[in-house]
Amino acid sequence: MGTVAARAGLERLVVDFTEAFNREDIDEGMSYFAEGAIYDEFNEGVEAIRRAFVPQFNGAFGRMRFHTEDMFLDVAAGKALIRWTLTLEEPHRAGAYRGLDILHFANGRLVEKHTYCKAKVPFIRKKAEMLADGTWPRG
């Protein structure tokens with residue numbers, strides 16, 4: 001596949017994956033994940049990832065829509081970084097926050113998804129917990 005076609009293909013995967021979330025279609029969204037895929041450090045495997053997404057797709061946070069602001073693609077590595085604003089709308093409140101996803105595709109399937117968002121208060125994990133689960137940085 002040529003460079004232009006490969007880039008267009010990766011961009012299409014990223015856009016289509018994001019749009020599945022905007023359509024609230026959990027089956028379509030899950031169809032992009034490879035067996036054994038990783039969603040952040042919290043969920044590994046398609047069934048665990050699906051369980052993590054159920055509240056979002058069931059409307060627990062209201063109507064959620066991702067609005068793409070920017071996208072960076074590393075075609076050779078099969079990786080994409082997509083920066084977005086997420087709007088949340090419920091009958092009694094509405095708001096938005098900004099974030100990004102780092103997506104890693106292999107053979108057209110999503111093998112890793114890492115999500116980061118801006119927050120007034122950062123999520124800080126305890127060192128002891130990270131040592132226990134093997135995620136504390138070495139060195």
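Predicted model: local features only at pLDDT ≥ 70, side-chain atom pairs only at ≥ 80, totals over all residues.
Which residues are buried in α3?

Helix α3 covers residues 46-57, twelve residues in total. From its first C-alpha to its last it reaches 15 Å, close to the 16 Å expected at 1.5 Å a residue. The buried residues in α3 are Val 46, Ala 48, Ile 49, Phe 53, Gln 56 and Phe 57. After the helix comes Gly 59, with a positive phi near 85 degrees.

Take Ile 49 as an example. Neighbours within four places in sequence aside, Ile 49 is in contact with Met 30, Phe 33, Ala 37, Ile 38, Tyr 39 and Asn 43. Ile 49 also belongs to the largest nonpolar core, which has 26 residues. Ile 49 is among those with the most contacts inside that core, as are Val 14, Phe 17, Met 30, Phe 33, Phe 53 and Leu 103. Seven elements, α1, α2, β1, α3, β3, β4 and β5, each give two or more residues to this core. The most come from β4, which gives five.

Next, the sheet. It is open, with six strands in the order β2-β1-β6-β5-β4-β3 and mixed pairing. β2 and β3 are the edge strands, each pairing on one side only. Strands β4 and β5 run antiparallel and are joined by twelve bridges. Helix α1 lies across β1, β3, β4, β5 and β6, at about 165 degrees to β3. Our helix α3 packs on the sheet too, touching β1, β2, β3 and β6, and its direction makes about 60 degrees with that of β1.

Last, the charged side chains. Side chains of opposite charge can pair when their charged atoms come close. How many salt bridges are found in the whole structure? The search finds nine. I will show three of them.

Arg 12 and Asp 16 meet at 3.0 Å, N to O. Both are in helix α1, four residues apart, about one turn of the helix. Arg 50 and Asp 27 have their closest N and O atoms 2.6 Å apart. That pair links distant parts of the chain, with Arg 50 in α3 and Asp 27 in α2, 23 residues apart. Arg 50 is partly exposed, at 25% relative accessible area.

Arg 98 is in β5 and Glu 69 in β3, 29 residues apart. Through shared partners, salt bridges join Glu 69, Arg 83 and Arg 98 into one network.

Terms used. Residues numbered from 1 in each chain as written. Heavy atoms only, no water. Expected span 1.5 Å × (residues − 1). Buried < 20%, exposed > 50% of the residue type's maximum accessible area, 1.4 Å probe, protein only. Pairing = 2+ DSSP bridges. Contact = heavy atoms within 4.5 Å. Axes fitted to C-alpha atoms, helices over the stretch in contact; angles between N-to-C directions. Core = buried A, V, L, I, M, F, W, Y, C linked by side-chain atoms within 4.5 Å. Salt bridge = Lys/Arg side-chain N within 4 Å of Asp/Glu carboxyl O.
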